[in-house]
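Q: Could you walk me through a few local features of this one, starting with how the helices pack?

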Amino acid sequence: RRLAGDPSLAWPYDRAKSSFREAEYQAARERILGNVLCVSAYIHAHGIATSRDLNFLAEEALRWRLGPPGLIREVGLSEARRIAAGYLSLRKVTEAAVVAPLAGLEKAAAGDLYVTAEDAGGGVRVVRIGRSTLNHLVVEELGRAARRWVEDPAVRAVVLAPDGRYNEEFGRGADVSGFLPALGDAGKGAEIAAGWKAALAPIHAGGKPVVAALARRSLGGSNELAFLTSYRVAAKGTTMAQPEPVVGLLPGLGGTHTLLRSVPASSRSEVVHMLLTGDAIDADRALALGLVQEVVPAKDLVDAAVRSAGRLADGSLRPPAVERGPFSIELPQPLPDRTGDGLLLDLEYMAFLGESLKGVASRTYDEAMAWESEQSGRSFCLKSASIGVKALLVGKKPQFRS
């Protein structure tokens, strides 16, 4: 996490020191990054693993914030070369082109690392997501893919689905390690929410039907992504939830209102309960509420989504109505103080969440999107955010109240 850009965290590898001076931190960072980049370049150049394999190994098995190709993209090519050259010089390596041939890895890093696309026929494009959590790079690539399909006259409809190799679920939400630098800073928090919304706007505003193919889990920010689409098909057994109350942050990708706008008025009280508690529902219950439009066997998921996308494109199937204006909701009184499995929720956060739900309901769709970004930013300054994010990063349940 220190490599993720939060120098205030204690250095985890030397228990004799609780913190590093800036120069020591930078030197240690560059030694580690240099080693990672050089070893990864050798692995990639010799066909031991592809760039996507390296990303998956680093991010899922080793639990890094970003894999080596993602790190190159984030720091930039010139900086990556400088760091690698410095490491090789430190180690007195003279055959740099043999030991660490960076060119191939650099080329891979310049392309899409997490998002792929293929045409399924009939004007339907299937866009596949190869990471189970959203970060700024995944969002950037999805936004780029969305702009391409909006501009391509041959594409009549789109399916968003997991890629089935590096990711078998629609998604577990945002990678909260990327939120660490924004904790305590409302401006940075709002900037993240607004930036992600802007990148993904073509999905819901691009004029072409988009179908989300939900598998296994659709949680948090990933579930919000699903509600930027026109239509949702879920595999049997899929779980859906907005677990933000357990994280202590407000949804920032539309989740405070898009679920509520997508269901009949009769379903809103149960959806409000989901948003207030973070409790999950299965695909069959989501179908009954109107959150998804089809539930199919897992093996048929993408084929069913492609068929529905084609029908949406030719007009033989209509998407569910989405409320674009203000709408009515009722909040329970008192607000829930714990999740369904008994975890105590932060009372300050719950009051803020309740206020936010009422605020988005009183606004139009576009107004609510903008206002939610501001509210999401403010939530980064709540005590619950620091507790929830840090607990999630170490795999523990947050203790909001003693």
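Q: Is the crossing of helix 1 and helix 3 left-handed or right-handed?

A: The crossing of helix 1 and helix 3 is left-handed, a term used when the near helix is turned anticlockwise from the far one by less than a right angle, with clockwise giving right-handed. Helices (H or I, at least four residues) and strands (E, at least two) are DSSP runs numbered from the N terminus. This is a predicted model, in which local features need pLDDT of at least 70 and side-chain atom pairs count only at pLDDT 80 or more, while totals for chains, interfaces and linings use all residues. Residues are numbered from 1 along each chain as its sequence is written, and side-chain values use heavy atoms, with hydrogens and water left out.

Q: At what angle do the axes of helix 1 and helix 3 cross?

A: The axes of helix 1 (residues 22-45) and helix 3 (residues 68-75) cross at roughly 125° and come within 10 Å. That makes helix 1 oblique to helix 3, since angles under 35 degrees count as roughly parallel, over 145 as roughly antiparallel, 65 to 115 as roughly perpendicular and the rest as oblique. The axes are lines fitted to C-alpha atoms, for helices over the stretch in contact, and angles run from 0 to 180 degrees between N-to-C directions.

Q: Which residues of helix 1 and helix 3 meet?

A: From helix 1, Arg-29, Leu-33, Val-36, Leu-37 and Ser-40 meet Pro-68, Leu-71, Ile-72 and Val-75 of helix 3, where contact means heavy atoms within 4.5 Å. The residues of this contact divide into 7 nonpolar, 1 polar and 1 charged; Ala, Val, Leu, Ile, Met, Phe, Trp, Tyr, Cys and Pro count as nonpolar, Asp, Glu, Lys and Arg as charged, and the others, Gly among them, as polar.

Q: Switching to helix 14, which of its residues are buried?

A: Leu-301, Ala-304, Ala-305, Val-306, Ser-308, Ala-309, Gly-310 and Leu-312 are buried in helix 14, with buried meaning under 20% relative accessible area, exposed over 50% and partly exposed in between (1.4 Å probe, protein chains only).

Q: And what do the buried residues of helix 14 pack against?

A: They pack against strand 1 (115-121), strand 2 (124-129), strand 3 (157-162), strand 4 (210-214), strand 6 (231-235) and strand 9 (294-296). Helix 14 is followed by Gly-315, whose phi is positive, near 85°.

Q: Which residues does the cis peptide bond join?

A: The cis peptide bond, with omega about 0°, joins Gln-333 and Pro-334, and Pro-334 lies in the loop between helix 14 and helix 15 (347-361).

Q: What about Arg-63, what is its phi?

A: Phi of Arg-63 is near 65°, which is a positive value in a residue other than glycine. Arg-63 is found in the loop between helix 2 (51-61) and helix 3, and at 55% relative accessibility it counts as exposed.

Q: Back in helix 2, is Arg-52 buried or exposed?

A: Arg-52, found in helix 2, counts as buried at 19% relative accessibility. Not counting residues up to four places away in sequence, Arg-52 touches Asp-112, Leu-113, Tyr-114, Val-115, Thr-116 and Tyr-166. The C-alpha atoms of Arg-52 and Tyr-114 are separated by 7.5 Å, although these residues are 62 residues apart along the chain.

Q: Last one: what does Val-139 touch?

A: Leaving aside residues up to four places away in sequence, Val-139 touches Trp-196, Ala-199 and Leu-200. Val-139 is found in helix 7 (residues 136-151) and is buried, with a relative accessible area of 2%.
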